[in-house]
Amino acid sequence: MNKVKHNPLNILAVHAILVIYTVIALFPVVVIILNSFKTRKAIFREPLALPNADSFSLAGYETVLKQGDYFGYFQNSMIVTVVSLFFILLFGAMAAFALSEYRFKGNTLMGLYLAIGIMIPIRLGTVSILQIMVASGLVNTLTALILVYTASGLPLAIFILSEFMRQVSADLKDAGRIDGLSEYRIFFFLVLPLVRPALATVAVFNMIPIWNDLWFPLILASGEETKTLTLGSQVFIGQFVTDWNAVLSGLSMAILPVMLLYIIFSKQLIRGITSGAVK
Amino acid sequence: MEKRKTRWHIVVFLAPAVLVYSALMIFPLFGTLQLSFFDKIDQQQVFVGLDNFRTLFFNARWFDSFWNALKNNTWFFVVHMLVQNPVGVMLAAILSSKVVWFSAFFRTAFFIPTILSFVIVGFAWKLILSPIWGIAPDLLDLVGLKSLFLPYLGLEGTALTTLALISVWQFVGIPMMLIYASLLSIPEEVLEAAECDGITGFAAFWKIKLPLIWPSIGIISILTFVGNFNSFDLIYTTQGGLAGPNYSTDVLGSLLYRTFFGFQTQIGDINMGATLSVVMFGIILAGVSFYLFAIQSRMRRYQF
């Protein structure tokens, strides 16, 4: 086929747009991180300059590490995110397997029931959720957050995973059955390993919203012991509004873990989105 | 024929998900609905029928707050539709064209704001737009527009639009990725056929690709709608619980928070909070149904 000739001016214009948008997308993040390494004077005098020998300072980070329990917050966020993801994947995959593998009365109805939650934000039930948590003594525990995130992550997880499980070959499962494997073994040892890419997609989709949520930590677990990184940095920064070094360092410390996670998982995330898993 | 035994493994597979989901998602929604029909009188929950809804819609003070939040929320959504989605489509169209170098790099970079929490995004922009720090005026000075600088987040007239644009900046990655995916799924033959007819570049986008990605744009619009009508975090982070200045950035989510928990001068009210949640649920349901029945069913889909 004849290649269509592209006007070099167009190509240049297209790249100019991309570069300009990259600057727009990254500028705030870069400015915050750069200035977190500067002295207070330098922050105000030359906010756009790189830190140099004169202006370099870690004063902000010292305040953050002394005043805010960032490691504690980080640990809480990590526990909540990892445990919620574990339950979303385990329970979600089990339910998806039941829905996609067996024909039983009420299968379609059950599928619909579990799918309603995809469109309804769980926040609208907050009033009742708080009452349930108060009644069961789970307020200010990480368990409360884990339960809520598991419940809210399940509908989409089940939807995506059952789509994938329908594609697992029936012959393989039947061969397992002939060999005398129980249904549980078939699920855990045959099916689950085959849908690993789908599991990863679901994990990556749920990870960011859980890590970043402010609403439920604020309402269900605002105690010092259970603060997540998102809530912790919100409160910390709110208290230190006038200490610019501390605020900028606090922000940078909140950015760092998400960026790391993103760099590790960005391929998976982008592949997950572009594979059309969320249509 | 032998009667089939109950297949217990199905129950075991379904039970954990169904239990957690029912207990913390479906049950609370009904619980909230129920609470909206009750009121606390002398420390007792008393059934009052639709009184709470009457208060919300006909008591001038409640209705003003609700109407203000609904109006602001609608504008918030309109800004997203007018800016976020077109910009997302444009970036996706550029990224999917074959002449672009480093497209993976740009894709990764454009998605970075989306992964940051509202707390980070809110404070970062608050600092950048702050007249004390002066980054924004300095930047405007570079392009000779310093006179345009205002404390955008502090003025009643500009705060809401500024917040909406910050939110657009954060979330433009999502429409970009989804549109990018659906652009990639357009078969090569279709585009080649168009090329043979002399339709290339911009014309190919308008005449061939855009009609094919309308369904994705529809899905993005409804995702944006649901997200916007329960947004709260960004406003709480930048403007605080009072959604200042003078409630000009109050949306339904922040109104719900104040109603439920109370804030400074106001005491929290579980029943009115529940009522407001039910109304928000109605709004979201109406939007989603409108999309499903009025728009999606009329949209033409092409199968390859």
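## Basis of the model

This is a predicted model, in which local features need pLDDT of at least 70, side-chain atom pairs count only at pLDDT 80 or more, and totals for chains, interfaces and linings use all residues. Residues are numbered from 1 along each chain as its sequence is written, chains are lettered from A and ligands numbered from 1 in the order in which they are written, and side-chain values use heavy atoms, with hydrogens and water left out.

## Chain A

Chain A holds 13 helices and 0 strands. Helices (H or I, at least four residues) and strands (E, at least two) are DSSP runs, numbered from the N terminus. The pattern along the sequence is α-α-α-α-α-α-α-α-α-α-α-α-α.

The C-alpha trace spans about 75 × 70 × 35 Å along its principal axes.

Of the 279 residues, 53% count as buried, meaning under 20% relative accessible area (1.4 Å probe, protein chains only). The accessible surface of chain A is about 13,300 Å², and 66% of it belongs to carbon and sulfur atoms. These areas come from the Shrake-Rupley method with a 1.4 Å probe; for residues, only the protein chains shown count as cover. Contact means heavy atoms within 4.5 Å. Among chain A contacts between residues at least 6 apart in sequence, 72% join residues at least 24 apart.

## Cavities

A cavity is a set of points, on a 1 Å grid over the protein atoms alone, where a 1.4 Å probe fits but cannot get out; lining residues have an atom within 4 Å of a point. Grid points are joined across faces, edges and corners, and volume is the space filled by probe spheres set on the points. There are 4 cavities of 30 Å³ or more.

Helix 13 of chain A supplies the largest share, 6 residues. By class, the lining has 10 nonpolar, 1 polar and no charged residues. Nonpolar covers Ala, Val, Leu, Ile, Met, Phe, Trp, Tyr, Cys and Pro; charged covers Asp, Glu, Lys and Arg; the others, Gly among them, are polar.

## T162(B)

T162(B) sits in helix 7 (residues 159–171) of chain B. T162(B) counts as buried because its relative accessibility is 13%. Leaving out residues up to four places away in sequence, T162(B) touches L129(B), Y152(B) and L153(B).

Definitions and conventions: 1 Å grid on protein atoms, 1.4 Å probe; cavity = no way out; pocket = protein on both sides within 12 Å on 5 of 7 lines; lining within 4 Å. Buried < 20%, exposed > 50% of the residue type's maximum accessible area, 1.4 Å probe, protein only.
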